[in-house]
Amino acid sequence: MKFSGFRVVKEALTGHKGWGALWRNPEPKPDYDIVIIGGGGHGLATAFYLAKTFGKARIAVLEKGWLGSGNIGRNTTIIRSNYLLPGNEPFYEFSMKLWENLEQETNFNSMVSQRGIINLFHTDGQRDAFRRRGNAMMLAGADARLLDQSELRKMAPFLNFDNARFPIKGGLMQSRAGTARHDGVVWGYARGADMRGVDIIQNCEVTGFRIENGAVKGVETSRGYIGAGKVGVAVAGNSSRVMAKAGMRLPMESHVLQAFVSEGLKPTIPGVITFGAGHFYVSQSDKGGLVFGGDIDGYNSYAQRGNLPVVEDVLEGGMALMPMIGRGRLLRSWGGVMDMSMDGSPIIDRTDIEGLYFNGGWCYGGFKAAPASGYAFAHLLATDRPHETASAYRFDRFARGHIIDEKGVGAQPNLH
């Protein structure tokens, strides 16, 4: 089923009776060449690119719940590539380029909206740091522009410029950044993978690995044993739990990250804005709700809910940035489980077990990285070589001392 404007008009005139399911619901086969554990954005993107770009067949994606029930449907939908370090910036810029062509590639409306992001700065030192980051972005082929206060006043007059405890002096803007609809992303990748023969198997929890002579042979699931030539794990906040079933201990922790949506308001926020004197970021959805978030909860948890102290902290950041937010009402909140690595950067690598591959440790960056993560993981599974933009995301970087510490807080996952 090919989506098009003509098809939409035709269905509207015929009672919408011709729409079919976006993907099949097959029974698992006894074995596959490649099994992907995790039916979120990263797992489905991996399956999509394996089938489309690398021509692989006999692929299955195993999801313990329903598609979109994990972090892919529990985030603030921001896409950007405004990173500093050479291990990160080329990768996220590659992801940004994939975002820009995603809807054409998957033939699905993922509502990619390149409205721009502005990172505010409040001190001279922060301005200099953002100037350095902007230069690094441009060297990697991304766009960046330093804004002064007068430019910001025209773009976002609602910010607290005059009576702020942390005066706003300017901001670093990436015009190509923006937002995308998280559900649309997972549905588009699922549909695209299914059309190319990938079996997407929901309600199929992996309960163990079958490993013989140091090589993975398949996975035990709630729907029986499934053999596999290669197994790729992309389960975000559940990474430690799943990889423990293979006898591996990962250099990461799981923390809850809360997100919030206000009641619908008139169009106000032009793009995405981040507070430089606290951890608060906000955009406005097409329905008018302010979508915002802040810090993770400081304790380890696998629960998809958070605690009230972080709610208070996030709302305080919003009030400090734009006091008008105090007039709005909070509509709902939710939590995602973040796989926080020791240096705040991800891992895409082979494991010591032959045929077992891992993709995780995305911290805050998972949604925006989904296209490049899927492509790089597919490249690794197909060729056994890391993709050029993901060559730094190795397990052994901690032993080698080549950490990618974007935020400069070292081995403290709770601070990333």
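1. Asn107 is found in the loop that joins helix H4 (102-106) to strand E4 (117-121); helices (H or I, at least four residues) and strands (E, at least two) are DSSP runs, numbered from the N terminus. The model is predicted, so local features need pLDDT of at least 70 and side-chain atom pairs count only at pLDDT 80 or more, while totals for chains, interfaces and linings use all residues. Residues are numbered from 1 along each chain as its sequence is written, and side-chain values use heavy atoms, with hydrogens and water left out.

2. Asn107 counts as buried because its relative accessibility is 17%; buried means under 20% relative accessible area, exposed over 50%, and partly exposed in between (1.4 Å probe, protein chains only). Its side chain reaches the backbone nitrogen of Phe3 at 2.9 Å. Such a polar contact is a pair of N or O atoms within 3.5 Å; within protein, one must be able to donate a hydrogen and the other to accept it, and residues adjacent in sequence count only if both atoms are side-chain atoms. Apart from neighbours within four places in sequence, Asn107 is in contact (heavy atoms within 4.5 Å) with Met1, Lys2, Phe3 and Arg191.

3. The length of H7 (residues 182-195) agrees with expectation: at 1.5 Å a residue, its 14 residues should span 20 Å, and its end C-alpha atoms are 20 Å apart. The expected span is 1.5 Å times one less than the number of residues. After H7 comes Gly197, with a positive phi near 95 degrees.

4. Helix H3 (residues 89-100) packs against helix H10 (residues 366-383) at an angle of about 95 degrees, with the axes 8 Å apart. H3 is therefore roughly perpendicular to H10. Axes are lines fitted to C-alpha atoms, for helices over the stretch in contact, and angles run from 0 to 180 degrees between N-to-C directions; those under 35 degrees count as roughly parallel, over 145 as roughly antiparallel, 65 to 115 as roughly perpendicular and the rest as oblique. Among the residues making the contact are Phe91, Tyr92 and Trp99 of H3 and Phe367, Pro371 and Tyr375 of H10.

5. His379 lies in helix H10 and is buried, with a relative accessible area of 14%. A polar atom of its side chain lies 2.8 Å from the backbone oxygen of Arg385. Not counting residues up to four places away in sequence, His379 touches Phe54, Asp384, Arg385, Pro386 and His387.

6. Val291 belongs to strand E15 (residues 289-300) and counts as buried at 11% relative accessibility. Beyond neighbours within four places in sequence, the contacts of Val291 include Thr76, Phe260, Val261 and Tyr281.

7. Met111, although not a glycine, has a positive phi of about 55 degrees; Met111 lies in the loop between H4 and E4 and is partly exposed at 32% relative accessibility. Ala236, although not a glycine, has a positive phi of about 50 degrees; Ala236 lies in the loop between strand E11 (224-233) and helix H8 (239-244) and is partly exposed at 25%.
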